[in-house]
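Please keep the sequence and the model in view while reading.

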Amino acid sequence: MYTPQMKELIKKVEETRPYRLGSDFPRMTPEERQDVLKNFHPDFIQSGFRPLKIGVNRGDRIPQELADLLESHSMISNVKLDLEKISYDVDVLIIGGGGAGAAAALVAKEQGVEVLLVTKLRFGDANTMMAQGGIQAADKANDSPLIHYLDVMGGGHFTNIPGLVSALVNDAPLVIKWLEDMGIMFDKEDDGTMITIHGGGTSRKRMHTARDYTGAEIMRTLRDEVINRGISVVEFSPAVELLLDEDGRAAGAVLYNLETEEYLIARAKTVILATGGSGRLHYQNFPTSNHYGATADGLVMGYRAGAKLIFMDTIQYHPTGAAYPPQILGLLVTEKVRGLGATPLNIKGEQFIHHLETRDVESAAIIRECTERKMGITTPAGMVGVWLDSPLIDLIHGEGTIEKQLPAMLRQFARFDIDIRKEPMLIYPTLHYQNGGFLIDENGCTSIENLYAVGENSGGIHGRNRLMGNSLLDIIVFGRRAGFHAGVKTKEVKQNKLTLEHLYCYQREIEQSGAGVVDRVSPVLVPHYNHREALGLS
Amino acid sequence: MNAAEMVDIYVMGKKYTVPASLTIMNAMEFAGYQLKRGCGCRAGFCGACATVYRIAGDYELKVGLACQTKVEHGMYLTQIPFFPALKALYDIESLDPTASAISSYYPEIYRCIGCNSCTKVCPQDLNVMQYIAYAQRGDISRCATESFDCIMCGLCASRCPAHIVQYNVGILARRLYGRHILARSSHLTQRVDEIAGGKYTAGLEALMAAGLEELKVAYNNRDIED
């Protein structure tokens, strides 16, 4: 429930609403966009980054919190392991049980090979489950993969890797069809026409949705299908290091049973890393919309094995994270809310940015409004945010639209006695997505032979900024591509002895560089929270 | 923030004093837990943190998602992070969207005694018993839409005296509906055919080869659909 003081401020929003309804706020010029990004986007805050001291990306600028993990000792540096004692011996090992891993598993299995999917928490515990907004695909008459390509490149400030973008937009309609065939309940007209809307930075309405549970609907269906097809899944058993063979090719992983605290060896002919992102590292102390398990584990083990990273200095802050109530701080307010017409407003109830700028620009403008311009609204917990005028949605599209199209949002705020049909939401940018990751080709291959990376732990598809709806898309597109390639590739892989030699080399490099603080160990697997600091009780 | 108001909660019987403003999940972490089971998206989407609780002095068992429910004084709680439910294996493509498609895999849906425990326990406020009734009647469409917001936390099944696994019935109905009842998208099929026919191959190659300035001009001048 809003405090009386906040309710007083909401009156200003209500006062200006009739004037704002139906009027269009101008979009920024390219120069204005550059200006707000350079001055206010966290990617440009120098103290948030440092050059990496070890590994193949030595010298690259990466976030402090991630550098800490990469310049750490391995969990198993003091563990005696018998690499000959193999607990799982398969063709394709998939590490990560989100949308990318599940899609890869399905297609790999279709190649007639033995597939094992291991995951840190439950199968389906992933950011995929939380993606509300939608999935892009150019499948309508006024749209084409070529237009989609331009939107992706422009959104990424033309830094994206062209071959990856081409694969993304080309496969997009194929992916929607694949999902439709699996029984995904996309929002459709009675005749089957997809109901599609805009997202930030799209030039066509190509966002496909399943209410505001799009990711959940995709994830639970993929999971159902993986189980139906008899693919082996081992939960609560994260991989903690990769295994290579004597020729330096990926050949398995060391798994850690979270419950029995045992280490187990999984041998495979090809390995797909699908471990997701790193929001739970809370770069620059930002709140995050990410899943509990988003702790960069895949980046750590892949990097130690020598796979090259790209774009690690660019992080996506979603413009609309919940700033109030404190129980849901950082929770994603889906971009679909803005797609349907809700606009950001300052303390005076005035709009200060077009509501559908790209995410980085929108976030930077909100940070500017709250910092330099001091036009934000302060919560009792000391958090500052701006309004997102959700009641506009029902005024624009008719009563009942929020209930029908945003049931998850409506429910999440209703739990704390805020009716988003009648009251605006208070929002502030939240750490949302890791734009960078392992450098891959259009089949998901990394710079290490037989090692693939798909989904959020890969980089280059979105360049320095990802558009809404292209992440659900990329996990399925590249999950399928890697699943296919890794499945076929197994047939020509000749296995030899497993080794952890790469780990010993990395360890030596840490010691020589002086980078490794003696007691720092990674991957961290799960974050450690006590909430005392946030409550002023530390 | 001022000194927080504190309440006593009992995690699996053990007492902890925690700030009253916290959710159950945050309170457990405040108490010192580092969660492995019983914690997922922390946003009410994934169903990992189903929790059963009772307030001291009250006989009623209540439920909620730990990430979405605030603590109360005298709360006795335990999490149900896993439920050993039956999940049928099927080939969705080969099924017909009829009552028998569901009842052949989950015949126990007809054992429902109408106690409504499933509905009362649902943290998503779904009308669970109603969607099972739709399944019994073979009304796949209504079963699918009524169950759509399900997060598969398992609380319904944990309370069902007839041993129905409602959430697995729900996903079967939704997949049948999405696959066999919802109209197929003809514009999608057409685009898929065009891609297979190579209609955009040359265009994409040209875009990949285009220079930065050329791309920027095309991007900045592209028309934007209203």
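## Cis peptide bonds

A:Pro325 lies in the loop between strand E16 (315-322) and helix H10 (336-339) of chain A. The model in which this residue is examined is a predicted one. The peptide bond that joins A:Tyr324 and A:Pro325 is cis, with omega about 0°.

A cis bond is also found from A:Ser522 to A:Pro523, where omega is near 0°. A:Pro523 is placed in the segment after strand E25 (521-522) of chain A.

## Positive phi angles

A:Phe236 belongs to the loop between strand E10 (232-234) and E11 of chain A. Its phi is near 55°, a positive value in a residue other than glycine. Is A:Phe236 exposed, partly exposed or buried? A:Phe236 counts as partly exposed because it has 19 C-beta neighbours inside 10 Å, and a buried residue would need 20 or more.

A:Asn285 is found in the loop between strand E14 (270-273) and helix H9 (297-304) of chain A. Phi of A:Asn285, a residue other than glycine, is positive and near 65°. With 10 C-beta neighbours inside 10 Å, A:Asn285 is therefore counted as exposed.

## An open sheet

Five strands of chain A form an open sheet in the order E4-E13-E12-E11-E24, and their pairing is mixed. Strand E4 (86-89) and strand E24 (498-499) of chain A each have a single partner strand, so one side of each of these edge strands lacks a neighbour in the sheet.

How do strand E11 (residues 239-245) of chain A and E24(A) pair, in the parallel or the antiparallel sense? The two strands are antiparallel and are paired over two bridges. A:Asp245 has A:Leu498 in E24(A) as its bridge partner.

## Two packed helices

Two packed helices are described by the angle between their axes and the distance between the axes. For helix H4 (residues 99-110) and helix H8 (residues 214-228) of chain A, the axes come within 9 Å and cross at roughly 35°. The crossing of H4(A) past H8(A) is left-handed.

On the side of H4(A), the residues that meet H8(A) are A:Gly99, A:Ala102, A:Ala103, A:Ala105 and A:Leu106. Their counterparts in H8(A) are A:Ile218, A:Met219, A:Leu222, A:Arg223, A:Glu225 and A:Val226. Eight residues of this contact are nonpolar, one is polar and two are charged.

## The nonpolar core

The largest nonpolar core holds 232 residues, of which A:Ile94, A:Ala104, A:Val271 and A:Ile272 touch the most other members. Helix H7 (residues 162-182) of chain A supplies the largest share of this core, nine residues. Apart from neighbours within four places in sequence, the contacts of A:Ile94 include A:Ala104, A:Leu116 and A:Ile272.

## Where chain A meets chain B

Contact between the chains involves 72 residues of chain A and 62 residues of chain B. On the side of chain A, the elements that give two or more residues are helix H5 (127-130), helix H6 (145-155), H7, H8 and helix H14 (407-414). H7(A) gives the most, with 11 residues. This side of chain A divides into 35 nonpolar, 20 polar and 17 charged residues.

H6(A) is mostly covered, with 10 of its 11 residues buried. Among the buried residues are A:His148, A:Tyr149 and A:Asp151. Their cover includes strand E7 (135-136) and H7 of chain A, together with helix H9 (201-209) and helix H10 (212-220) of chain B.

Definitions and conventions:
Residues are numbered from 1 along each chain as its sequence is written. Chains are lettered from A and ligands numbered from 1 in the order in which they are written. This is a predicted model: local features need pLDDT of at least 70, side-chain atom pairs count only at pLDDT 80 or more; totals for chains, interfaces and linings use all residues. Axes are lines fitted to C-alpha atoms, for helices over the stretch in contact, and angles run from 0 to 180 degrees between N-to-C directions. Helices (H or I, at least four residues) and strands (E, at least two) are DSSP runs, numbered from the N terminus. A crossing is left-handed if the near helix is turned anticlockwise from the far one by less than a right angle, and right-handed if clockwise. Two residues are in contact if their C-beta atoms, placed from the backbone, lie within 7 Å. Ala, Val, Leu, Ile, Met, Phe, Trp, Tyr, Cys and Pro count as nonpolar, Asp, Glu, Lys and Arg as charged, and the others, Gly among them, as polar. Two strands pair if DSSP finds at least two bridges between them. A nonpolar core is a set of buried Ala, Val, Leu, Ile, Met, Phe, Trp, Tyr and Cys residues joined through C-beta atoms within 7 Å. A residue is buried if 20 or more other C-beta atoms lie within 10 Å of its own, exposed if 12 or fewer, and partly exposed in between; C-beta atoms are placed from the backbone.
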